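This report looks at one helix and at the pockets of a protein model. Please have the sequence and the three-dimensional view at hand while reading.

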Amino acid sequence: MEEASLARGFTDLFGTGPDRVWRAPGRVTVIGDHTDYQGGQSVAAAVSECVLVAARDRNDRRVRARSLTTGEDLDADVSDLVAGVGQSPSGNGPASGLRGFVSAVLVLGGRRSGADILVGGTLPPGSGLSSSAALSLALIGALSGADEPDPKWAQIAQTLENRYLGVPSGLLDQLALLYARDGYAVLIDAGRQVAEAVWFDWARAGRALLIVDTGVTRRLSETPYGERVREARQAAVLLGLPNLASARIEDVECLDETPLLQRRARHVTSENRRVGEAVKAAARGDWDTVADLMRASHASLRDDYDVSERVLDATCELFDRLGPHTGARLTGAGFGGSVIALLPIALEKAAKVALVRMYAERGFGTPRLLTLGRPAPGVQRLQ
Ligand code: GLA
């Protein structure tokens, strides 16, 4: 449906239809945030909201692109884009936006011929659902001749963010989007760079997974994300370990002379352990334990890692008041973005009403609420 309307839009804009259309979903981290760049594990699930990219090759070196999501337009020669890769239009700071992504994909793909590109879809940027990795991977697909996604694209899309967008991110998002399968969550081991499908069937257990997009958007390059990556690295160096995923909780006790780094290390180490526990609990259908682990994860991200903020906290607190069968946590990098909550289906309607009321009373705007019935498939070519 959306794909057909994007292809029609492409024809209206560029005169003929696209050669290819690619789709990349967003993701939620069910549990395991800020572990990936320290060699840790995460469980993620693809959502139905997605980025779509339609493209057609050109015989010259012109690149014309439009994003229906952000309203940006681009019309430039490949050599200008390649020359300016990684730079913001003002020349200060890292690149961003349509131009930033397209230039980086051209450079990393070694592409020197032009293309017409139309970006659309339903995934809002900056809402903690991995819109950057989704846009990168959909663009890489649409500008390649491939029929299937290539596992190597995970590192290419990570390099794009690290080198050109100023975000020293790990591999969680890219692996989640590439390895997602319809109906399955993905267990990611960023240290070993592997991902496997895992059965997380909350619906069969009478639970719903609710995604609350708080509307607090941010660009990760402008948040303390990079600072956290550096702090975690420093803590690992102090412990004499290659990364914090290999630390034990007892090791973290040794960092009491550097309390801030100790808190950072405690988060990564404990979060990594929670991932393993959540996978085991979900496999035996113990969703109350998964909910407990999600609550503990949010507390750790808030208190030890300092990546939460007031709307995220207020949202989680509302879910906490629903009782022990419910667990909520911020999902993704934090600093804004989205919260996920696992709760009994019987409580879902009342929770949504209470959320909208609380947001209005506290002047938080209107949350966007989505229910993830089952995990969506990963990056794919549609046409
Ligand atoms: C962002 C990054 C990921 C990961 C998460 C936090 O989404 O892109 O690599 O670090 O934050 O878990």
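Which are the buried residues of α11? In this predicted model, they are Val-311, Leu-312, Asp-313, Ala-314, Thr-315, Cys-316, Leu-318 and Phe-319, so that eight of the 11 residues in the helix, which spans residues 310–320, are buried and α11 is mostly covered. The elements against which these buried residues pack are β8 (207–213), α10 (287–303), β9 (327–331), β10 (338–344) and α12 (345–361).

| Pocket | Volume | Lining residues by class |
|---|---|---|
| Largest pocket | About 850 Å³ | 18 nonpolar, 18 polar, eight charged |
| Second largest pocket | About 150 Å³ | eight nonpolar, one polar, two charged |

The largest pocket is lined by 44 residues, and Phe-101, Pro-125, Gly-126, Ser-131 and Ser-132 are those that lie nearest its centre. Its lining takes at least two residues from each of α3 (97–108), β5 (115–121), α4 (131–142) and α6 (172–179), with α4 giving the most, four residues. Both domain 1 (3–198) and domain 2 (201–372) contribute at least three residues each to the lining of the largest pocket.

The residues that line the second largest pocket include Val-198, Trp-199, Phe-200, Asp-201 and Arg-204, together with Val-279, Ala-282 and Ala-283. Helix α9 (residues 259–283) supplies the largest share of the lining of the second largest pocket, namely three residues.

Key:
Residues are numbered from 1 along each chain as its sequence is written. This is a predicted model: local features need pLDDT of at least 70, side-chain atom pairs count only at pLDDT 80 or more; totals for chains, interfaces and linings use all residues. Side-chain values use heavy atoms; hydrogens and water are left out. Buried means under 20% relative accessible area, exposed over 50%, partly exposed in between (1.4 Å probe, protein chains only). Contact means heavy atoms within 4.5 Å. On a 1 Å grid over the protein atoms alone, a cavity is a set of points where a 1.4 Å probe fits but cannot get out, and a pocket is an open set with protein on both sides within 12 Å along at least five of seven lines; lining residues have an atom within 4 Å of a point. Grid points are joined across faces, edges and corners, and a volume is the space filled by probe spheres set on the points. Ala, Val, Leu, Ile, Met, Phe, Trp, Tyr, Cys and Pro count as nonpolar, Asp, Glu, Lys and Arg as charged, and the others, Gly among them, as polar. Domain bounds come from an automatic or database domain assignment.
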